[in-house]
Amino acid sequence: MTNCKACVFPDTLPDELSLHPLVQVFGQVVHMQAVENEPPEPETETARIAHWRQLARLDRWTPVPLAEQRTRFLALLRDMRQRGDAYTSQLGMLTLAGLNRRDQPEPHHSILSSLLRHGAIKEQQEDPALWQSRLIVKLGEYYDIEQMELDRALQEIARRENRLLAELCEDGENPFALQSKVTKTDQQTEGILRHRLRAWARLCFHGDRPAPGVLVTSRRTAMELLEETYEKLCRQSPKRLVSLSVPSARTSCGPNSAANDPLVGLCPSLESAWRHMTESGSALPDNKDMEAMLSDGTAQWSRALSALSSPSSEPECWFFDLFFFPGMTAAGLFAETFGAGRPEQGVPSGLAGCVVGLLRMENQADV
């Protein structure tokens with residue numbers, strides 16, 4: 001088992017579409033869990049995701065365990081699931097009211113108190129910002145589950161329409177077939193996404209803890225916000241260290257073989273670089289050999305990719321970009337960008353800065 005880990009943000013539920021390329025690049029993918037020892041959501045547990053869990057390719061971690069408050073929080077979650085739309089509407093109103101004032105700190109009790117008032121649960125004296133963050137993380141998960149179910153319904157409608165058109169044309173090759181594949185995009189409003197990013201960062205870096213792996217997002221908006229903040233603070237742009245073309249499926253193998261043998265296993269230099277960054281909490285060690293490792297690793301990746309038995313016939317292809325933010329820690333960058341708390345000052349000795357990855361999908365016709 002590799003020690004290389006991709007720590008996904010701000011999404012906390014596994015998504016099969018983006019998981020396959022991330023497993024190929026890192027070998028293991030980690031998601032935050034707002035509540036410790038919480039079972040997987042059944043709506044997201046596909047056969048392939050369950051297989052990856054068995055192989056320990058998927059992991060979860062809870063940065064701030066609830067401990068003795070876990071039972072009370074789970075009671076609140078049950079009430080949220082039962083009331084459903086009431087809580088979703090409440091979140092929407094609070095989002096519109098609070099996040100339009102980006103330069104003002106959010107009231108610690110705004111969402112927490114409003115939600116608790118609708119349930120038979122009394123607020124106790126504890127850190128309200130952490131509870132509020134957990135609630136936002138869970139509401140974000142419920143939103144993602146609804147989107148998954150909607151996407152599946154749309155895909156089924158498109159498949160039925162394609163079959164009907166094919167029958168009408170009396171030809172299996174229908175030139176008017178509709179696009180049935182739904183790809184993951186930033187469908188959320190900027191306000192809701194900012195809420196999720198702030199909540200995720202507040203929990204992840206609470207108590208100056210490092211991230212449990214290389215920070216990676218599939219949300220372009222999140223990366224753009226990080227780049228924009230860094231440029232304002234440091235008067236320079238982050239540096240792109242790596243850009244890898246990633247197969248959406250290992251076309252030379254079955255799905256189980258692909259999960260057992262990620263492509264990064266054929267790239268020892270790249271694997272060594274990921275391991276150093278994982279152990280440093282998404283930081284880039286101040287190591288003179290790192291540039292050579294990344295250069296050699298990129299070449300190894302290209303050779304391994306070209307050795308696949310057949311190219312992908314998918315219209316879209318994945319890319320993984322790794323950006324370097326010199327002179328800042330991940331905790332400091334995320335605090336400055338998403339307003340997640342007190343930003344850190346300076347970078348510890350032995351570290352040159354932090355790294356953040358972006359997993360993106362592009363149409364092959366545009367590449």
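## Exercises on a predicted model

S282 is buried, with a relative accessible area of 0% (buried means under 20%, exposed over 50%, partly exposed in between, with a 1.4 Å probe and protein chains only). Before we dig in: this is a predicted model, where local features need pLDDT of at least 70, side-chain atom pairs count only at pLDDT 80 or more, and totals for chains, interfaces and linings use all residues. Residues are numbered from 1 along each chain as its sequence is written, and side-chain values use heavy atoms, with hydrogens and water left out.

**Exercise 1.** Work out where S282 sits and what its phi is.

*Solution.* Step one: find the loop between α10 (268-279) and β6 (283-285); S282 lies there. Helices here are DSSP runs of H or I with at least four residues, strands are runs of E with at least two, and both are numbered from the N terminus. Step two: read off the backbone angle, and you get a phi near 65 degrees, a positive value in a residue other than glycine.

**Exercise 2.** Find the largest nonpolar core and look at the surroundings of L215.

*Solution.* Start with the rule: a nonpolar core is a set of buried Ala, Val, Leu, Ile, Met, Phe, Trp, Tyr and Cys residues joined through side-chain atoms within 4.5 Å. The largest one has 47 residues, and F9, W200, F205, L215, F325 and F334 have the most contacts inside it. Elements giving two or more residues to this core include α6 (128-169), α7 (190-204) and β8 (351-363). Now zoom in on L215: skipping neighbours within four places in sequence, its contacts (heavy atoms within 4.5 Å) include F9, W200, S282 and F334. One more thing about F9: a cis peptide bond joins F9 to P10, with omega about -15 degrees.

**Exercise 3.** Which face of α2 is buried, and what does the helix connect?

*Solution.* First, pick out the buried residues of α2: I49, H51 and W52. Seen down the helix axis, the buried residues fall within an arc of 160 degrees, so they line one face of α2; the arc is that of the directions from the helix axis to the C-beta atoms. On the other side, A47 and Q54 are exposed. Next, follow the chain: β2 leads through α2 (residues 47-54) to β3, in a right-handed β-α-β crossover. Right-handed means that, with the strands pointing away from the viewer, the path from the first strand over the helix to the second runs clockwise. Finally, β2 and β3 (residues 58-61) pair in the parallel sense over four bridges, pairing being at least two DSSP bridges between two strands.

**Exercise 4.** Trace the salt bridges around D321.

*Solution.* The rule is a side-chain nitrogen of Lys or Arg within 4 Å of a carboxyl oxygen of Asp or Glu, and it gives 14 salt bridges. R360 pairs with D321, the closest N and O atoms being 2.4 Å apart. R360 lies in strand β8 and D321 in strand β7, so this pair ties together parts 39 residues apart in sequence. R240 meets D321 as well, at 3.7 Å, N to O. Check burial next: D321 is buried at 2%, while R240 is partly exposed at 47%. Put together, R220, R240, D321, R360 and E362 are linked in a network of salt bridges.
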